[in-house]
Amino acid sequence: MKTGFRQSMAWLHTWTGLLLGWLLFAIFLTGTIAYFRSEVTYWMRPELHGQRPAEDPAALALKRLAELAPEASSWSITLPDPRSPVLSVSWSKPGEAAGRRGGPVTVLDSGSGEILHPRETAGGEFLYRFHYELYGLPRELARWIVGIATMAMFIAILSGVITHKKIFKEFFTFRPGKGQRSWLDMHNMTAVLALPYHIMITFSGLVLFVATLMPFVIERGPARGPAPPQEVVEPPPPRPLPVLTPLAPLMAQAEATWDWMPVGRIQIGKLDTAAPEIVLVPLRQSVVTVQSGSGSNGVERLRFDGLSGALLDETGRPGASAVAKINMALGALHRARFADTGLRWLFFIAGLAGTVMVGTGLVLWVSKRAAKHAKAAVKPVGLCLVDRLNIGSIAGLCLACAGYFWASRLLPAEAATASLGRAELEIAAFFGIWAAAMLHGFLRPPARAWTAQLGLTAALLLLMPVLNAVTGPSNLALALWRGDMVLASVDLMALISGLAAGYAAWHSRSKAARIAPPRRPATVPGE
Amino acid sequence: MQGWLSLILCGFGFAALSLAMPRHHEEVLGGKPPRRRRILYRAAAIALLALSFALALQVWPNLTIAISAWLGLATVAAFAVAMLIRQIAERREPQRGKKPARPARPPAAVETAAKGDKAA
């Protein structure tokens, strides 16, 4: 019996990987889809499709704001961008504290300026939140669970590199159609080819959880004194709207300042005073070492005089210590907050590699042990359990995600029950499908359950463009024609993933067919 | 445009790197590479990969972003090379017959037979 360093690492790799593998698969899959969460949300709201953006959406939004909210003290405009072709505005009334986002958001048609009423949807946001907070659990508890899984992932990566040390010698090796050997190749290949990504995403994920996992390391900054008493502002007498300086030159100036990063948001404040001001916010952060709090566009700002258009001040990249910068860079890297669409695809592909790595690792655990017990009449309970849990948590989750897309479009736009809003109904559909798939995995023979669930996933994904065409004003061909690449790319990605799921279903079916006749000699002991 | 070029160069770089590795050299060209050629392949790989990274820096001027983007490109390029090697190796396999290097186990024979069925 050898118990060398590599053996103990192999043991560690196997068991940390197995124990948290199912959760890690879910985190990886939903997190990977979440790279495109605004695209997904856009796809799920057909009321927004088929807009033809005007030449100058900023000017259009200003004109509409003057009509919709002439008495407001501040306006905020979020411009259409390559990831979300939606023009939205919000405003706050005098005397109200002007929040970061102002009042409720109103979505405008980016061509005509008409008010649109998109359906309520959990959208890509649900998948994004699920990947680090799960759902329906107390926030702290959920973050602990995911944090522990992240730690396990980190251990599994490090021990995995040691265990499968051949991966660097066989860097480019993939031999399909050879049972367990192929699963191992696929596990190794997806691991090693995206290894920098796996290490980065896991380590930065851990750092993002540091406040949860090690609350005592957080050094509170200088204690904030009690909030200054809110000044009671008398609503000033209504005054005519000031004539604002044209936005276009300011935006051009801002883009030049930010290395040609387009303006993402426009905030116009102090409209009820004699000195209104215009604040421009970039679409993405252009460097990684700035704070990238979730949902904000970074901290860079340009503030202009609203009447003369003169630059008042510039908040840029605040000087920070090296440690703070590394911390912020890791956060920004994890969230890909700086990534344009092309870079986002690269992150997405690497994320898929991670998903496949975890999935094949789980399958490998079973296929290795199944080989050992191939001749036994009764298989160990643990093996059967893992085998069946794999079905529901790998194929079943894929099915649930595909079903979630369908639910978002099939539930009526006004659907809601007494206790659940429309978004919660979509989420209920997601978990309902997942639970059903889990159950199905235990009820049917494993090989058949794999085929059925993967086949159904493939069908749902391949038909997604049809669903989009039937339940919305646009369709794949029209979107491509009009250059609505966000809509088109979700449809196309559904087709590609559908083909992949179909291939997997077909593969598992032929395997099932080979196993089914008991006396065929073709079943290789390795499988 | 430069991004695509960077990706293609990266692919060539990994192809050269694979030829410098005995295992993959055997799969693609047959036989082990002589020492001098291995060094040559490796040098070419380093040059191509460096060029590819330089192009990535053109597309993403920020160094940190360029590194993460280039590593992503490298993943895609290496995957393409792996698929290509498999294709070539599979074509070569029937000509070479059985590998002498590996002990021929009975299951291996069944495996190749099963694969032959599939290919037919």
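Student: How many salt bridges does the rule find across the interface of chain B and chain A?

Tutor: The rule finds 0 salt bridges there. Keep in mind that this is a predicted model.

Student: How many residue pairs are in polar contact between chain B and chain A?

Tutor: Count pairs with both residues at pLDDT 80 or more, and you get 3. Now look at where chain B makes its side of the interface. Helix 1 (2-19), helix 2 (22-28), helix 4 (63-96) and helix 5 (106-119) of chain B each supply at least two residues to it.

Student: Which helix of chain B gives the most to that side?

Tutor: Helix 4 of chain B, with 17 residues. Sort the side of chain B that touches chain A by class, and you find 16 nonpolar, 7 polar and 6 charged residues.

Student: How many residues does each chain bring to the contact?

Tutor: Chain B brings 29 residues and chain A brings 28. Together the two chains bury about 2500 Å². Carbon and sulfur atoms give 72% of that area.

Student: What is the build of chain B?

Tutor: Walk along the sequence and you read α-α-α-α-α. That is 5 helices and 0 strands. Of its 120 residues, 36% count as buried. Take contacts in chain B between residues at least 6 apart in sequence: 62% of them join residues at least 24 apart.

Student: What confidence does the predictor give chain B?

Tutor: Read the average, then the parts. The mean pLDDT of chain B is 79, and 78% of its residues score at least 70. Helix 3 (residues 35-59) of chain B has the highest mean among its elements, 93. Helix 5 of chain B has the lowest, 41.

Student: Where does pLDDT stay under 50 in chain B?

Tutor: Over residues 97-120 of chain B. For this stretch the model has 11 contacts beyond four places in sequence.

Student: Let us take one residue. Is Asn390(A) buried or exposed?

Tutor: Compare the relative accessible area with the cut-off: under 20% is buried. Asn390(A) has 1%, so Asn390(A) is buried. You will find Asn390(A) in helix 12 (residues 381-410) of chain A.

Student: What does Asn390(A) contact?

Tutor: Skip its neighbours within four places in sequence. Asn390(A) is then in contact with Trp22(A), Leu362(A), Val363(A), Val366(A), Ala395(A) and Trp450(A). Look closely at Leu362(A). Its backbone oxygen lies 3.1 Å from a polar atom of the Asn390(A) side chain.

Student: And Ala350(A): buried or exposed?

Tutor: Ala350(A) counts as buried, because its relative accessibility is 4%. Ala350(A) sits in helix 11 (residues 341-372) of chain A.

Student: Which residues does Ala350(A) touch, not counting residues up to four places away in sequence?

Tutor: Ala194(A), Tyr197(A) and His198(A). Leu193(A) and Ala350(A) are 157 residues apart along the chain, yet their C-alpha atoms are separated by 8.7 Å.

Methods
Residues numbered from 1 in each chain as written. Chains lettered and ligands numbered in written order. Heavy atoms only, no water. Contact = heavy atoms within 4.5 Å. Buried area = accessible area lost by both parts, 1.4 Å probe. Salt bridge = Lys/Arg side-chain N within 4 Å of Asp/Glu carboxyl O. Polar contact = N/O pair within 3.5 Å; in protein donor to acceptor, adjacent residues only side chain to side chain. Helix = DSSP H or I, 4+ residues; strand = E, 2+ residues; numbered from the N terminus. Nonpolar A, V, L, I, M, F, W, Y, C, P; charged D, E, K, R; others polar. pLDDT = per-residue confidence, 0-100. Buried < 20%, exposed > 50% of the residue type's maximum accessible area, 1.4 Å probe, protein only.
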